[in-house]
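Visitor: I would like to learn how to read some features of a structural model, taking them one at a time. Could we begin with a helix and then turn to aromatic rings?

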Amino acid sequence: KMAAAAGAAAAAGLWSEVNRCGQNGDFARALKSVNKILQINKDDVTALQCKVVCLIQNGNFKEALGVINTHTKVLTSDVIAFEKAYCEYRLNRIESALKTIQSASQQTDKLKELYGQVLYRLERYDDCLAAYRDLIRNSQDEYEEERKTNLSAVVAAQSTWEKVVPEDLGLREATYELCYNSACALIGQGKLNEAMKKLQKAEELCRQSLSEDSDVTEEDIEAELAIIHGQMAYIMQLQGRTEDALQLYNQIIKLKPTDVGLLAVIANNIITINKDQNVFDSKKKVKLTNAEGVEHKLSKKQLQAIEFNKALLAMYTNQADQCRKLSASLQSQSPEHLLPVLIQAAQLCREKQHAKAVGLLQDFADQHPANAAEIKLTMAQLKIAQGSVTKACMILRSIEELQHKPGMVSALVTMYSHEEDIDSAIEVFTQAIQWYQQYQASQTRGANTKSPVHLSLIREAANFKLKHGRKKEAISDLEELWKQNPKDVHTLAQLISAYSLVDPEKAKVLSKHLPSSDTMSLKVDVDALENSHGATYVRKKAGKLTGDNQQKEQGQGEVKKKKKKKKGKLPKNYDPKVTPDPERWLPMRERSYYRGRKKGKKKDQVGKGTQGSTTTGSSELDASRTASSPPTSPRPGSGAAVSATSNVIPPRHQKPAGAPATKKKQQQKKKKGAKGGW
């Protein structure tokens, strides 16, 4: 009994110590006291609960969860549900935390708060919004502002990731967190200028709030503002102000913020700005996206975008195997997503394997018909790059949901015209017009009305047929247009022109509908038109008339004097008695009496010496033929060479006679030809 009493007294002392340490926030000392209590009674439920709380307060979530799982008989779900779910949440076991919360018999306010956080992490934004609305409605304490902030964060996430138009919650944006979340919602809607103003307001509120605390330094304020500045830079990037965005991104990185999620997003955005340029910087920034814990800080779409950019960077840096590995991994995670397949196709095209790329895209289009349109557009682009325009047209025409679109019709007609396949181009017009006709009939219950797009297509078809000489085929289109607007004179003129080749009588009948020249009031200033910049003919301004000129102007029947033609000049040796050569206008080679030039007549008489020397005895005067003189250098292409048995001395070893005289003569020549002075 005495031992039991002593143990009870010791336990009481330890409990008072635990209580005192808990109030002071010294959970490390409190844990030591709790462990001593558990040595006395290992199944003490209160002591076990206190131990779990102390471990959570010290950040030892894994150990706390271990204690809970070890003592499941004592620590039932009703007793320890919140602590267990919180440990699982902090250990990023979000699905397990959700199950723990849902299995609890009683949903306390603490569990509801945690339930909202869990739903947000699971990106179940609709359920999360309902949970926070319920909390705000049914609770009144000092944490109301935090709940409203979380509610605005949910709305911002819906706007950004699910493209849901956010409803006005009527929240008073008194804190910088609320302003920041409101700005994020506006970015999701594409209202960038309004979002920038909200962020500037959030920055101002943040500085005011933090500057009130004397212990907060300027560095602390800049660190807190980093996320706001990061969102500002993102808006600049979306607006095309990439230089400003890049500068702000780099300023944030220099601050070395502790938020790995923020750093990863900024690094990813810098990589998207760099694209295929500044690859070395992009490879350094990729390391920031691989930091530990990033996957728990970002949404699934953010993580997916980072992985896509990694694959693209691998492609730009010619790391083909890495690119294929990353894109294949992305495709296995999201089989219906387009980007992994497009990246693989782009990599194959870089390797000049266009046929394989087209095959890959075709397989994806067959497996995922919902995304076939975008894939087929890419396939058509590859076919055009290969020069297979007709095959590209076939692929484009197979996209049923785009066949009738004006842009698609225009592209197909242009491509068929380039291939000079006019019949196919007209067929494209016909199919599109028929589609609009059927659609219009279904919408207006058979009424013969045409939409502006329908009429525009008919006009383009008619103009195309007229341009390519298909006037007969253009008649039906022109009649339809004229029927819709009988006052359209331009269409009537085109119709008359077309009928003039087919049915002249019909053309005459239709021409009666043309307005008369009297009814057409053409208010044209002729002088202004002639003096305009584009006029090809400008009428000369009349000068002042003298008295004689005035008389000439007034006189009638004045005949203009004819200018006399000049007689052609005759050659100096012209003889009127001799009949001119009838072939004198033909070149000499084409005349009937031309016999060609006589070859070889004066071959031997061609002078080989210096200028002015006579041709007689040229062979005797040729110094190159004597043994005592050095041979001249062979002419290019002559193939001359010195025989090995010849006794002629090479020029470098010979002392030519009269060398000084030659030198003197060269000097004289130099003097004579000199143009400049010293």
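Visitor: What span should the twelve residues of helix α19 have, and how far apart are its end C-alpha atoms?

Guide: This is a predicted model, and the expected span of a helix is 1.5 Å times one less than its number of residues. For the twelve residues of helix α19 (residues 339-350) that gives 16 Å, which agrees with its end C-alpha atoms, 16 Å apart. After α19 comes Lys-352, whose phi is positive, near 65°.

Visitor: Which residues of α19 are buried, and which helices do they pack against?

Guide: The buried residues of α19 are Pro-340, Val-341, Ile-343, Gln-344, Ala-345, Gln-347, Leu-348 and Cys-349. Those buried residues pack against α17 (300-316), α18 (320-333), α20 (354-367) and α21 (372-385).

Visitor: How many aromatic pairs does the structure hold, and what describes such a pair?

Guide: A pair of aromatic rings is described by the distance of the centres and the angle of the planes. The structure holds four aromatic pairs, one of them formed by Phe-61 and Tyr-86, whose ring centres are 6.1 Å apart with the planes at 70°. Planes over 60 degrees apart count as edge-to-face, so the pair of Phe-61 and Tyr-86 is edge-to-face. Because Phe-61 lies in helix α4 (residues 61-70) and Tyr-86 in helix α5 (residues 77-90), this pair ties together parts that are 25 residues apart in sequence.

Visitor: Are Phe-61 and Tyr-86 buried or partly exposed?

Guide: Phe-61 counts as buried, because its relative accessibility is 13% and the cut-off for buried is under 20%. Tyr-86, with a relative accessible area of 23%, is partly exposed. Tyr-86 also forms an aromatic pair with Phe-82, and this one is stacked, with 6.1 Å centre to centre and 20° between the planes.

Visitor: How many residues apart are Phe-82 and Tyr-86 in helix α5?

Guide: An α-helix has 3.6 residues a turn, so residues three or four places apart point the same way. Phe-82 and Tyr-86 are four residues apart in helix α5, and therefore separated by about one helical turn. Phe-82 is partly exposed, at a relative accessible area of 22%, and ring pairs link Phe-61, Phe-82 and Tyr-86 into a cluster.

Visitor: What average pLDDT does the protein have, and where is the pLDDT below 50?

Guide: The protein averages a pLDDT of 78, and 79% of the residues score at least 70. Over residues 613-678, however, the pLDDT is below 50, and this stretch has 17 contacts in the model beyond near neighbours in sequence.

Note on methods. Residues numbered from 1 in each chain as written. Predicted model: local features only at pLDDT ≥ 70, side-chain atom pairs only at ≥ 80, totals over all residues. Heavy atoms only, no water. Phe/Tyr/Trp six-rings, centres within 6.5 Å; stacked < 30°, edge-to-face > 60°. Helix = DSSP H or I, 4+ residues; strand = E, 2+ residues; numbered from the N terminus. Buried < 20%, exposed > 50% of the residue type's maximum accessible area, 1.4 Å probe, protein only. pLDDT = per-residue confidence, 0-100. Contact = heavy atoms within 4.5 Å.
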